[in-house]
Amino acid sequence: MAEQNREVLLRVENLCQYFKSGKYVNKAVNNVSFDIYKGEVFGLVGESGCGKTTTGRSIIKIYDITSGNVYFKGQRVAAGTLSYKEAIKSARKRIAAEIKELEAKNEPDCKEKVAEKKAELAKIVAENKAAIASAHHDNKYSDRDYARSLVAQLKKDYDAKIAATKDPMKIAELKKQYKNDVRIAKKTKLITKIQMIFQDPIASLNPRMTVKEIISEGLVINGIKDKKYLEEKVYEILELVGLVREHAGRYPHEFSGGQRQRIGIARSVIMRPDMIIADEPISALDVSIQAQVINLLNELRENLGLTILFIAHDLSVVKYFSDRIGVMYFGNMVELADSNELFAHPMHPYTRSLLSAIPQPDPHTEKQRQRITYNAALAHDYSVDKPSLREVCPGHFVYCNDAEEKAYKEEFGV
Amino acid sequence: MGKILEVNNLKISFRTQGGTVKAVRDISFDIEKGETLAIVGESGSGKSVTTKAILGILAGNSIVEGGEILFDGKDLLKIDEEEMHKIRGDKIAMIFQDPLSSLNPIVKIGKQITEAMLLKNKASRRISRKEFNAMLACLKKNLIEVHGSAASAEISEKIKTFDKFNIVAIKYETAYNDAHDKAQELIADIGEMLSYMERHQKINVKEKLGDIAKKLPRVTNKFLSAGYDDKLAAYATTVASLKSSYDEKSEESAAKVMAALAELKATLEEILSASRPDFFRIGYYSMMNPSATLVDMSIDELNEMTLKFLDENFMKDFISLETSAIKHSAERSIAAKKKVLEAIPEARTYFGTKKFDKKGAKAQAKKLSALVSNCIDKLDIVKDSATYTFGSALNNAIDKYFLAVKNNPKEEARFKKQSAKREKLVKRGKTVDWKVVPAVVYDLDDLTDNILKIINNIATKYENDVANAENVDFSARAIAFIDSLKEKASLVVYKLTKRMAKEKAIKLMDEVGIPDSRIRYNQYPFEFSGGMRQRIVIAIALSANPDILICDEPTTALDVTIQAQILELINNLKKERNLSVIFITHDLGVVANIADKIAVMYAGKIVEYGTADDIFYDPRHPYTWALLSSMPDLDTEEKLEAIPGTPPNMIYPPVGDAFAARNKYALKIDFEQQPPQFDVTPSHWAATWLLHPEAPKVEPPQIIKERIERMKKRGGM
């Protein structure tokens, strides 16, 4: 892909997702930022419990995110408020301390200075409160805003069309069409342009619905009533994912694992999404079936121009399938790079340990394999120098501090 | 090395509503001690069914149609539940695919891990004592036969001595091992603590110091810490005083603690670096000289002195005596085998005519099995399964034959009657909603062949044995016998208390990579993530210290790092405990590291069998090609070659090669006739017509050829 015409489809900024359990707060995802460009496959890897699935689910708004922003097609679809609240809290604390100090000194211009400080605090609070309000608004109304923009666009198009035609019959027909389209547009949600494929094909399909009902459910919810159109669509999609028309009337239990996963894919593709979040779509399948599903996803990506966020733990598959890869460890993104670059020059010690653990179908290298172990407490010294995600060389981001950044740069001669 | 488990011609099917599903169709393999066999195949290929048959946990609707599973002189398909219960989990353990279903949700996991250990320990002490006594008694009997009853008093004296000093030795050894373990633990603890303190990371120093002070006295042992006892006591008081005086904020006190700990660590390392005393010798010496203190000389001197003492006074005599007994027993067994071989032609002709009545057949079988049971060599450590199970296997086969003779006409009559009835109804124009159940008729020729096969098997085996009778190394067998006795003795004195079981469980949990194992010990299964649960299941399976470990897709649900850890763990345990492992998986990449042999299964048959190198560098069966080419490795760029279609319906298994329908290299004959096994090398065979000399030359897919090239280059071959 050429560097210049890369359009950012999804931008995740400082995403945090915390879960409260009792008095503890479980920081499942902590300050993760990345961009996904149009048409690429972005792989997300990490061990179980590191927050990769949570990231995917937060993007599609299954959870209300704690802090940070998610932009999809330039529109903010999800926003968290914790960072603003904390900003207010810390500002209050800081300024209270400063005021106390001033009062203790009791200088002649004390009162003015205190008033100044108070004004400063009021400003910060107002700013952050506005941000919180806007976050709430975007969380709630991003879909409505998108629908409104769609309706406006439709109105413009149809006005132009109606103005162009003179036949009254045609105008009536156009108006009718316009009405129907507006009805659908009003129900359209921006978030439906992102679809998800789940890990377990058995658990994610309703056993009491036929395949046709399962696949067309999304369209029905979005206001399409024409049964013939729905049927045609379902058949088209079934053939697209490598099933046949006859399968439409069957129930999920009548299919094998690979076919079930195809149904799951068909269900998400029928919404004509711009982006698919594939949450470990192949880890529950046999090796031979895995290849079928990967090939299918590859075809769909080429034919429909899909962007895919591919969450998996099988690194050979991720390497084969993804353009860029993000490595997560305990809620943090520790390394992010082009897939070939990542495998050629892994920098973060966790990535190295991860790569050293990949099983290979080769007895000789396997027997000589030295697995690198990673212990976060021993590998880094972050007591003074705090780490962050930094671009060590172009397009290659690593979570490190100043000293480590220097060491990485030296090691790879950047 | 002997075969520990043999599976011969196993056939299993399942009765279902749609018909009989033939899950396993005539497979044979064997496993040697300390070897790993990987069974690879798609789901539904029968790999799990095979292992479930080994453990005797097949579903209720299963039918074992034939074959045998030989383990430890028993046929696991024929023993009753009571006996199976002793083997299951104890001798053969299994790790299941789904960890949640094999854990009890309402019992803390610590209890689940220690439960088996404690129960097994009680039983094993009793059983080991019994076996130990039985072995010695058998030895004594043979010795008396060789040397005449005149020497019997001397012989029983010798054996009694051996018994006694063995137990003394083992007691010393357990105490030593305990102290040794504690010292190692302490070194690890101190090392960890120091590394944290050096980095100024937050830890509870007081608590840790308390732990160390508690553990220190347990390092003292007569043999281990000889000469260090005063020093250790001094350290204990120092640590205790440091604990009370430690101040978190002061750098000085931290430095003090670190200096003291470093010194202690060095001392402990020094203690551990000493060579290990040989307790077998020391046991004898201390029994003969109960007043000896033993600790006034260095360990090396002690070892040498006791060895000399033992050899001169006891061992040389004992070994020569023992060898003579073993030789005697083996010779008797060979003589009995010769007798069996003489009797076999008669039996062969009797069953070969295919005209025999029940009474005659039973008499014939009784005669033959009595002869065969005489061949049992009780002093041979490696039990000869074929001899042990011969009688029951033969009887079973004969019973099956006569059952078929009785039932076949009945079944046919029923079938005829029902079909006639159905036809009548159909003719009258009624819709019939029931089907005629096909007649279950067994082929009598097959059943007689089964009987003959059992007889022929034992004949060829005995011919080999008789031919090799001259080349048996009796002194090696004598040493193996003593080793086995030692092992039994160690189990007799090995007493496990609850506290020790807990320590062992925590150690096991650390071994399988569960962090904070002390806290985790008291948690319930639902508090663990999937990977952690699987590790607990592995810990439970290992806690019983089995001979064979069956792993049914243990890493399929886990991610790479943990998968690698668990594979490494299984590999290490295999080496340490000389464990035999059966590893079931659908992912060939996983087994490259751990498998010695690989069996590729498809539709209930083994289609290719060979060492790991054979399968990965020289695959021959198209199904193996397909499996290899459908998964990407790190260098794969091109499109993957998926296997089209799905596995066949095993209610109606295909006539020819089961893979033919999905195979783009299929020949015409593949659809008509089952391929036999074609040997590629002595250790490697594949069942595909492509290996037939007249078959067209077919190259494996490009993607595999390239990969093998790459691998060979990397491996420097």
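Colleague: Why is B:Ser630 called buried?

Modeller: In this predicted model, B:Ser630 has a relative accessible area of 2%. Buried means under 20%, so with 2% B:Ser630 is buried.

Colleague: Where is B:Ser630, and what is B:Ser630 in contact with, leaving aside its neighbours within four places in sequence?

Modeller: B:Ser630 sits in the loop between helix 20 (622-629) and strand 11 (678-681) of chain B. Its contacts beyond those neighbours are A:Val287, A:Ser288 and A:Ala291, along with B:Leu640, B:Glu641 and B:Ala642.

Colleague: Now helix 6 of chain A. How do you know that its span agrees with its number of residues?

Modeller: Helix 6 has 14 residues, which at 1.5 Å a residue should span 20 Å, and its end C-alpha atoms are 20 Å apart, so the two agree.

Colleague: Which residues of helix 6 of chain A are buried, and what covers them?

Modeller: A:Leu230, A:Lys233, A:Val234, A:Tyr235, A:Ile237 and A:Leu238 are buried. Their cover includes helix 5 (211-221) and helix 7 (257-269) of chain A.

Colleague: What caps the N-terminal end of helix 6 of chain A?

Modeller: That is A:Asp226, with a side-chain oxygen 3.2 Å from the backbone nitrogen of A:Lys228. After helix 6 comes A:Gly242, with a positive phi near 85 degrees.

Definitions and conventions:
Residues are numbered from 1 along each chain as its sequence is written. Chains are lettered from A and ligands numbered from 1 in the order in which they are written. This is a predicted model: local features need pLDDT of at least 70, side-chain atom pairs count only at pLDDT 80 or more; totals for chains, interfaces and linings use all residues. Side-chain values use heavy atoms; hydrogens and water are left out. Helices (H or I, at least four residues) and strands (E, at least two) are DSSP runs, numbered from the N terminus. Buried means under 20% relative accessible area, exposed over 50%, partly exposed in between (1.4 Å probe, protein chains only). Contact means heavy atoms within 4.5 Å. The expected span of a helix is 1.5 Å times one less than its number of residues. A polar contact is a pair of N or O atoms within 3.5 Å; within protein, one must be able to donate a hydrogen and the other to accept it, and residues adjacent in sequence count only if both atoms are side-chain atoms.
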